[in-house]
Amino acid sequence: QVQLVESGGGLVQPGGSLRLSCTASGFTFSRYAMRWYRQAPGKERELVARITSAGVTTNHVDSVKGRFTISRDNSKNTVYLQMKSLKPEDTAVYLCSADDGGTYYLGRSVYWGQGTQVSVSS
């Protein structure tokens, strides 16, 4: 079965850090680009960052530039999102997905995880 499982979320104070993990199984992980999305209550899901099978990264949200870093370890079938200097507006459910695009083509997400909650407050 295809499975993406996120972990690492939690409650942190403003200015804190978290590292999210998404571990994949049931498909050839190394051949897919991976994405991190986030969705806050009552808001639409937004694409945060993407990393290709070759490790080329793209930030898709200006407000997290310089604070969030996406990476992957193909030997562990895992994609990460390192989040620093967290702000209350970063509060959301964070989800990972696998897409069928390439370096210059986003494609579409074909597999999804269930998400992990990140809450930033005092």
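**Figure 1. Strand β4 is mostly covered in this predicted model.** Six of the seven residues of β4 are buried. On one side, β4 pairs with β9 in the antiparallel sense, over seven bridges. Within this pairing, Arg38 stands opposite Tyr94 in β9. β4 is also joined to β5 by five bridges, and these two strands run antiparallel as well. Here Arg38 stands opposite Glu46 in β5. Arg38 therefore has a facing residue in β9, Tyr94, and another in β5, Glu46. The hairpin of β4 and β5 has six residues between the strands. Gly42 of this hairpin takes a positive phi near 75°.

**Figure 2. The largest nonpolar core has 28 residues.** The residues with the most contacts inside this core are Trp36, Phe68, Val79, Leu81, Met83 and Tyr94. The elements that give two or more residues to the core are β3, β4 (33-39), β5 (46-51), β7, β8, β9 and β11 (116-120). In soluble globular proteins, nonpolar side chains tend to be buried together.

**Figure 3. Contacts of Tyr94, with neighbours within four places in sequence left aside.** Among the residues in contact with Tyr94 are Trp36, Phe68, Leu81 and Met83, which are also named with Tyr94 among those with the most contacts inside the largest nonpolar core. Tyr94 is in contact with Arg38 too, the residue that stands opposite Tyr94 in the pairing of β4 and β9. Further contacts of Tyr94 include Glu6, Leu20 and Tyr37. Gly115, Thr116 and Val118 are likewise in contact with Tyr94.

**Figure 4. An open sheet of four strands has the order β1-β3-β8-β7.** The pairing in this sheet is antiparallel. β1 (3-7) and β7 are the edge strands, each of which pairs on one side only. On average, neighbouring strands of the sheet are turned by 15° against each other, direction ignored. β1 pairs with β3 (residues 18-25) over five bridges, in the antiparallel sense.

**Figure 5. Ring pairs link Phe27, Tyr32 and Tyr111 into a cluster.** The count of aromatic pairs comes to four. One of them, formed by Phe27 and Tyr32, is edge-to-face, with 5.1 Å centre to centre and 80° between the planes. The rings of Phe27 and Tyr111 have centres 4.8 Å apart and planes at 35°, so this pair is tilted. The pair of Phe27 and Tyr111 links distant parts of the chain, 84 residues apart. Phe27 is in the loop between β3 and β4, whereas Tyr111 is in strand β10 (residues 109-112). Phe27 counts as buried because its relative accessibility of 13% is under 20%. Tyr111, at 24% relative accessibility, counts as partly exposed.

**Figure 6. Two arginines lie over the faces of aromatic rings.** Arg45 lies over the face of Trp112, at 4.5 Å from the ring centre. Arg72 lies over the face of Phe29, also at 4.5 Å from the ring centre.

**Figure 7. Asn77 and Ser85 have positive phi values.** Neither residue is a glycine. Asn77 has a phi near 50° and is found in the loop between β7 (68-73) and β8 (78-83). The relative accessible area of Asn77 is 26%, so Asn77 is partly exposed. Ser85 has a phi near 50° and is found in the loop between β8 and β9 (92-99). With 41% relative accessibility, Ser85 counts as partly exposed.

**Figure 8. Gly102 is found in the loop between β9 and β10.** Gly102 is partly exposed, with a relative accessible area of 29%. With neighbours within four places in sequence left aside, Gly102 is in contact with Arg50 and Thr52. Val79 and Gly102 are 23 residues apart in sequence. In space, their C-alpha atoms are 17 Å apart. Val79 is one of the residues with the most contacts inside the largest nonpolar core.

Technical notes: Residues are numbered from 1 along each chain as its sequence is written. This is a predicted model: local features need pLDDT of at least 70, side-chain atom pairs count only at pLDDT 80 or more; totals for chains, interfaces and linings use all residues. Side-chain values use heavy atoms; hydrogens and water are left out. Buried means under 20% relative accessible area, exposed over 50%, partly exposed in between (1.4 Å probe, protein chains only). Axes are lines fitted to C-alpha atoms, for helices over the stretch in contact, and angles run from 0 to 180 degrees between N-to-C directions. A nonpolar core is a set of buried Ala, Val, Leu, Ile, Met, Phe, Trp, Tyr and Cys residues joined through side-chain atoms within 4.5 Å. Contact means heavy atoms within 4.5 Å. Rings of Phe, Tyr and Trp (its six-membered ring) pair if their centres lie within 6.5 Å; planes under 30 degrees apart count as stacked, over 60 as edge-to-face and the rest as tilted. A charge sits over a ring if NZ of Lys or CZ of Arg is within 6 Å of the ring centre and within 35 degrees of the ring normal.
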